[in-house]
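Please read the following note alongside the sequence and the three-dimensional view. The points are arranged by topic and may be checked one at a time.

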Amino acid sequence: MRALTYDGPYRVKVRNKPEPRIEHPQDGIVRVTAAAICGSDLHLLHGLVPDTRIGFTFGHEFTGVVEELGPGAQGVQKGDRVMLPFQIFCGGCYYCTRGLTSCCESTNPATDAATGIYGYSHTMGGYDGGQAEYVRVPFIGVDAEKIPADVEDLDALPMTDAFATGYQAAEMAGIEEGETVLVLGCGPVGLFSMWSAWVMGAGRVIAVDHVDYRLEFARKWLGVETLNFKDADLVTAVKGMTDDRGADATIEAVGCEAAGSPVHRALGVYMKLEAGSPQALNFAIHATKKGGTISMIGGYGPPYNAVDIGTFMNKAQRINTGQASVKRYMPRLLEHVQAGRIRPQQVFTHRLPLDRAPEGYHTFAQKRDGCIKVALLPNGSATLH
Ligand SMILES: NC(=O)c1ccc[n+]([C@@H]2O[C@H](COP(=O)([O-])OP(=O)(O)OC[C@H]3O[C@@H](n4cnc5c(N)ncnc54)[C@H](O)[C@@H]3O)[C@@H](O)[C@H]2O)c1
Ligand SMILES: [Zn+2]
Ligand SMILES: [Zn+2]
């Protein structure tokens, strides 16, 4: 089959690989109809995730059709259109039974640090991902969510990660009616969290980025106020808009490659003397009011230097964080889509055949050509609208 593979930092290609096979009774094989590139894939591309191996296939956001089922797989049938949450979970362990599927303790037992995630390095279990024609889906009967007939694949696709993640980010911000919510990052996760913040009662949403076309996209699509931190000191600007106190809640949707601090970029992203740049988190601590909430949804790996933890403590703030437990949000997100409140596929500024995935990666990574998010369509995929 054709599959995207990692070829070392900053390099991916599409090549032939053996098709996956059923390995456990509860496995299924899914023929991928669409796969997205996530901001988290950029951390892999840039060599920031430990134990990312050459030849490994990325892709943790995908929809498909069930092709084959192991003898113990129940709950789905061959031919079902399905969407798969980005993390792999068993449904029956201590954490899964408490709704924390993103902390499942069965799918990456080698470490307590992370649960199994498709296409996300051997640190996250070494499961090949969905930027391919076929993918092995462990616990398919538990993990897969059927896509209703009236929902298009490309509207379902962001529900497997970006949309559900943005929704959980807004929930973790603990928004009270009328509050001011600051969202750092106008990538897909930030955008979906802005939409969710409105749904959850925000009175004001202020979006931050340093890429103008992304700020414009946020303004036009979601009617938010915007701030470019290249043009003004971010913290001063936010305070100026909020009676000198800061936002009631801040959603940090940037993660470990944050711009805004040349020192952190040099030390972390380029010299690898720390595990990336925690600058967005520092922005969040300084731009949120005392007693306010930070929802940290951006992706981080190993430890960081110079996080302003003292200011955080003295301002009596709280941080809510985690990988999104996607599955529990899917029914609610489907309801919003079926009611016509949002068309998630509007984030896909780029729809490319799988064979052009490397071009998709570079366009998305370098924030070129107005790119917000890329959908990859394997040959023969019907999802071309
Ligand atoms: N916790 C989870 O479950 C989960 C799930 C999906 C993605 N993520 C993470 O969310 C983050 C965002 O994902 P995405 O797909 O939207 O990525 P993206 O790369 O498209 O978006 C990040 C945006 O942040 C902007 N940015 C950079 N530095 C900034 C700063 N200091 N302040 C404000 N904005 C800044 C960038 O210009 C970019 O537009 C990534 O770190 C990803 O790993 C987490
Ligand atoms: Zn992701
Ligand atoms: Zn589990």
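**Note on helix packing, domains and the ligand shell**

1. Helices H5 and H6 are roughly parallel to each other, because an angle under 35 degrees is counted as roughly parallel and the packing angle of H5 and H6, the latter covering residues 212–222, is about 30 degrees. Their axes are 11 Å apart. The model under discussion is a predicted one.

2. As regards handedness, H5 passes H6 in a right-handed crossing. On the H5 side the contact is made by Leu-191, Met-194 and Trp-195, and on the H6 side by Ala-218, Trp-221 and Leu-222. Sorted by class, the contact of H5 with H6 has six nonpolar residues, with no polar and no charged ones.

3. H5 also packs with H4. The axes of H4 and H5 come within 7 Å and cross at roughly 50 degrees. That makes H4 oblique to H5. The crossing of this pair, H4 and H5, is right-handed.

4. Which residues of H4 and H5 meet? From H4 come Ala-162, Phe-163, Thr-165, Gly-166, Tyr-167, Ala-169 and Ala-170. Their partners in H5 are Pro-188, Val-189, Leu-191, Phe-192, Ser-193, Trp-195, Ser-196 and Ala-197. By class, the contact of H4 with H5 has eleven nonpolar and four polar residues, and no charged ones.

5. H7 passes H9 in a right-handed crossing. Leu-234, Val-235 and Val-238 of H7 make the contact with Phe-283, His-286 and Ala-287 of H9. The residues of the contact of H7 with H9 divide into five nonpolar, one polar and no charged.

6. At the level of the whole chain, the protein is divided into domain 1 (2–161 + 325–377) and domain 2 (166–321). The C-alpha centres of domain 1 and domain 2 lie 26 Å apart. Their contact takes 19 residues from domain 1 and 21 residues from domain 2. On the side of domain 1 that touches domain 2, H1 gives the most, with four residues. By class, that side of domain 1 has ten nonpolar, seven polar and two charged residues.

7. The shell has 35 residues, of which the closest are Gly-39, Gly-185, Gly-187, Gly-255 and Gly-299.

8. Several elements contribute to this shell. H1 (39–45), H4 (162–172), H5 (188–199), strand E9 (204–209) and H9 (279–287) each supply at least two residues of the shell around ligand 1. The largest share, four residues, comes from H1. By class, the shell around ligand 1 has 18 nonpolar, 14 polar and three charged residues.

9. Taken together, H1 is a helix to examine with care: H1 gives the most to the side of domain 1 that touches domain 2, and the largest share of the shell around ligand 1 comes from H1. H4 and H5 likewise supply residues to that shell, and these two helices come within 7 Å of each other, axis to axis.

Definitions and conventions. Residues numbered from 1 in each chain as written. Chains lettered and ligands numbered in written order. Predicted model: local features only at pLDDT ≥ 70, side-chain atom pairs only at ≥ 80, totals over all residues. Near = placed C-beta within 6 Å. Nonpolar A, V, L, I, M, F, W, Y, C, P; charged D, E, K, R; others polar. Axes fitted to C-alpha atoms, helices over the stretch in contact; angles between N-to-C directions. Parallel < 35°, antiparallel > 145°, perpendicular 65-115°, else oblique. Left-handed = near helix turned anticlockwise from the far one by under 90°. Contact = placed C-beta atoms within 7 Å. Domains from an automatic or database assignment.
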